[in-house]
Amino acid sequence: MADWKDTLNLPRTGFPMKANLQTSEPQTIARWEAMDLYGRLRAAREGAPTFVLHDGPPYANGRIHLGTAFNKILKDIVVRSRSMAGYDAPYVPGWDCHGLPIELLVDRELGPKRRDMTVAACRQACRKYAAKFVDIMREEFKRLGGIGDWARPYLTMDYGYQATIVRALGRFAEAGSIYKGKKPVHWCIHCRTALAEAEVEYEDHASPSIYVEFPLSPDSEPELASRVPELAGKPVSVLIWTTTPWTIPSNMAIAFQPGFMYGAYPSGDTNVIVAEDLAPQVQRAVGRTFGSVVARIEGRQLEGIRFRHPLCGRESPGVLADYVTLEQGTGAVHTAPGHGSDDFNTGVRYGLDVYAPVGPGGHFDDTVELFSGLRVFDANPRVEEALQTRHRLWHRESFTHSYPHCWRCHNPVIFLATSQWFISMDRNGLRAQALDAVSKVSWVPAWGEERIANMLASRPDWCISRQRYWGVPIPAVDCLRCHEAILTPTLIARAAEVFEREGADAWYEQPIEHFLPPGFACPSCGGQQFERERDILDVWFDSGSSHEAVLGRPGLTWPADLYLEGSDQYRGWFHSSLLVGLGTRGQAPYRQVVTHGFVVDEHGRKMSKSVCNTIEPQEIIEQSGAEILRLWSAMVDFREEVRVGPEILARVVEAYRKLRNTCRILVANLYDFDPATDAVPVEQLPEIDRYALARYAAAATRIVDAYERYEFPSIFHTLNALATVDLSAFYIDVSKDRLYTLAPASAARRAAQTAMYHIVDGIARLMAPILPMTADELWSHLPGRREDSVHLATFPGHLERLVDNELVERWTELIKLRDQVNAAIEAKRKDKVVGNSLAARVTLGAPKATAALLERYRDDLPMVFIVSGVTLAESAGPDVAVAVDRTDGVRCERCWRYVPVVSADPKRLGVCDRCEDALQAAHD
Ligand SMILES: [Zn+2]
Ligand SMILES: [Zn+2]
Ligand SMILES: [Zn+2]
């Protein structure tokens, strides 16, 4: 018998089934670079409405990890999808280059050499270090398939950027918002620097918890007796509680809540004052039983009453403060203005000394009796010991609580009043302005607005100085005559000019005159001798200025349309960018802020080296390809914590494979199709093809809309359902007969090809933002004239003309019947009545309404069910009855359909009429 296989139009394509992404991806990326895809896309979109996603700069000190990769991929999906939606969507990647982590790493690398190097030389080493990691990370980001201005990224250490930072600072100086003051700030004695709010992490920490007695000062006895006569002539003390014994030497006052009732209780040889409501628990804590109360005292009566410091000759006055609560302690609060925010504010109100006798490394200075030279945490037991010897320590125990730690070295930090530069939140209404601006920004998820608003409402003034060297110097000078710190707009403007030209290293290399305007004199005393400031700016000010440095580039616009970062940036980059934007332009630098969650393992655990559950992006790329990482990024709900692990990735690989295969079958059926000459006008297509196009159009519309709203998981879900349910399981299946067996140029075959062409062309565009390399590869195998890259194209347009809801409704009904028929055939196949479904003959008994539908599609039914014949019968019942039996026809050796007769002609032996026609047409 003849082999007719060669006469069939079997699918063929160069688009491989096996993706081989590890090899093909780098080639695609190299091709994009060679063709300057980014530059050509900018040119192609010139004049279109812009959409600017402004990149938050990752820190340039390591290889990228999964969280960074996830962030960059999400951004790339946004940038590419906006571009395909027709926007001019430039993307300038950036890096945060200054700051402590690099400085510490470089110091460690330099070792002892460091001591003999100038600051400028150390800065050069830091610059080299950062540049090295910018290059490493850039290659890794590019490997993810991201499009952007990789050749011209923004670096916070670029001279121009350094000048921008200083100019932004100048705007605050012009407004008079900058001041230098002594204030308690979070201070890491390990890193020897002040820490910003965003640089502090709360971790559990065991502190000593001590109860300390302060006896009444003899000088205050008459005063207290006049206010509280019951206490006249009696020994009196107050009991305080603290978890930082080392701050006792800095105690300057004891704070009482004015409205609370306090009691004086006999205990040992004194009458101790504690808050009435706390007395029972204080007795339990210190293990003493107090006698009956001898006097009740209102908190406000204790203002100005003086107590003796338990360790030195100083006196500690009673002060009033609203923040004193009944939550813990004694209701009498140890107050050290040099070591606490509340304490400091109280100190300012009462004119107390802001005593902070602690050096940058955490050592007590010489003014501290008994403990000078000790490190604060080491001083804790010594303070307790000294109190014990003086019988002032009533109790001590260990107490675990949430305590601020340094985000870099993870050591506990202290509160320390030091001389710092601040941007005032309230002097010029920055706080109110910020709260107003926040309400005008669109936050996704919506809770972001409340989160950042709460932070802004309660945050202290912005401490912008750091006692380090790798950063942008604060271009202030100290008057050598009156010791006034001077930071004026003119000084700043001058420094900006120099930095722009020579880089900020000049601050450490050039004589100070280089930075002084001619004839510059101290505004306070007229002095003309100055010393330069050694502090640098908080790096959050650097990255917070990025909108000023970047959005002014040609083609970009201020404010940005979108900032997209992890949810930790509410207190980080979103926050500092907002404040800088308000300082420079009185407006938020972004219209919309979208945040994503963090990456956790398959069980929802944080990734950590100690649990051995980390997965590096490089690993995934090596094993499966960057497209798999990208597809995973698009499939997870990024607003929540996102899970990843081997099982999840295996599912992603499977999903990718299915989608790729569907695309491959579609394109493989187009090998002889030229859309310019072979396409059938949509309105002339048979219903089956219009049904497929209508399903595709509905999916495409949903997908384009989901891109617009950043609902990436629904994109893949929709694409996947289209590919597997509508196409693979139905349309491709029922179209095979037409495509493979009819004459190549027959109208019915061209109709199926037309629909498949529109669909696969659309799928390539729709998946391009998520799977840019696969889409571009597919694109290159599609017929017809088209852009050099799918990324220069746009999302499919004119989808409305493909929509036909009534048609879809009718066909949905038919497909439901098809499922029922398939089930019936399957049962017969099990009983060995039929093998291939084409050997089956189906009789359908249907109620009236369904019968009418079936009648209408009588000729299409064998194709829809993939059977050799369908007989329609009437049925009285409400359900459709399906009967299946074996056809009595003979099998055509070419198309495998069963027909009444096949040809006996030796040249056409075993072939049906339809196949004869097809062979004849091909021959002609
Ligand atoms: Zn530290
Ligand atoms: Zn002066
Ligand atoms: Zn045939």
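**Entry 1: His98**

I looked up His98 in this predicted model and found His98 in the loop between β1 (94-95) and α4 (100-110).

Next I listed the surroundings of His98. Leaving aside residues up to four places away in sequence, I noted that His98 touches Tyr59, Thr156, Met157, Gln162, Trp470, Gly471, Val472, Val539 and Asp542. For Gln162 I noted a further detail: its side chain and that of His98 are joined by a polar contact of 3.1 Å.

**Entry 2: the zinc ion (ligand 1)**

Which residues hold the zinc ion (ligand 1)? I found the protein donors to be the SG atoms of Cys188, Cys191, Cys406 and Cys409, at 2.2 to 2.4 Å from the ion. Along the sequence I wrote the spacing of these donor residues as C-x2-C-x214-C-x2-C.

I then examined the geometry.

Cys188 counts as buried because its relative accessibility is 0%. Cys191, at 3%, counts as buried too.

**Entry 3: the zinc ion (ligand 2)**

I turned to the zinc ion (ligand 2), which is coordinated by the SG atoms of Cys479, Cys482, Cys522 and Cys525 at 2.2 to 2.3 Å. The spacing of its donors along the chain reads C-x2-C-x39-C-x2-C. Why is the arrangement tetrahedral? The four donor atoms subtend angles of 100 to 113 degrees around this ion, and these values make it so.

For accessibility I looked at Cys479 and Cys482. I recorded Cys479 as buried, because its relative accessibility is 0%. Cys482 has a value of 30%, so I recorded Cys482 as partly exposed.

**Entry 4: helices α22 and α26**

Lastly, I asked how the axes of helix α22 (residues 687-708) and helix α26 (residues 805-830) cross. They come within 10 Å and cross at roughly 105 degrees. I therefore described α22 as roughly perpendicular to α26. On the side of α22, the contact is made by Glu687, Ile688, Arg690, Tyr691, Ala694 and Arg695. On the side of α26, I listed Leu807, Val808, Arg810, Trp811, Thr812 and Ile815.

How values were computed: Residues are numbered from 1 along each chain as its sequence is written. Chains are lettered from A and ligands numbered from 1 in the order in which they are written. This is a predicted model: local features need pLDDT of at least 70, side-chain atom pairs count only at pLDDT 80 or more; totals for chains, interfaces and linings use all residues. Side-chain values use heavy atoms; hydrogens and water are left out. Helices (H or I, at least four residues) and strands (E, at least two) are DSSP runs, numbered from the N terminus. A polar contact is a pair of N or O atoms within 3.5 Å; within protein, one must be able to donate a hydrogen and the other to accept it, and residues adjacent in sequence count only if both atoms are side-chain atoms. Contact means heavy atoms within 4.5 Å. Donors are N, O and S atoms within 2.8 Å of the metal (3.2 Å for Na, K and Ca); water is not among the atoms, so sites may look incomplete. Four donors count as tetrahedral if all angles lie between 85 and 135 degrees; four count as square planar and six as octahedral if opposite donors are over 155 degrees apart and all others between 65 and 115; anything else is irregular. Buried means under 20% relative accessible area, exposed over 50%, partly exposed in between (1.4 Å probe, protein chains only). Axes are lines fitted to C-alpha atoms, for helices over the stretch in contact, and angles run from 0 to 180 degrees between N-to-C directions. Angles under 35 degrees count as roughly parallel, over 145 as roughly antiparallel, 65 to 115 as roughly perpendicular and the rest as oblique.
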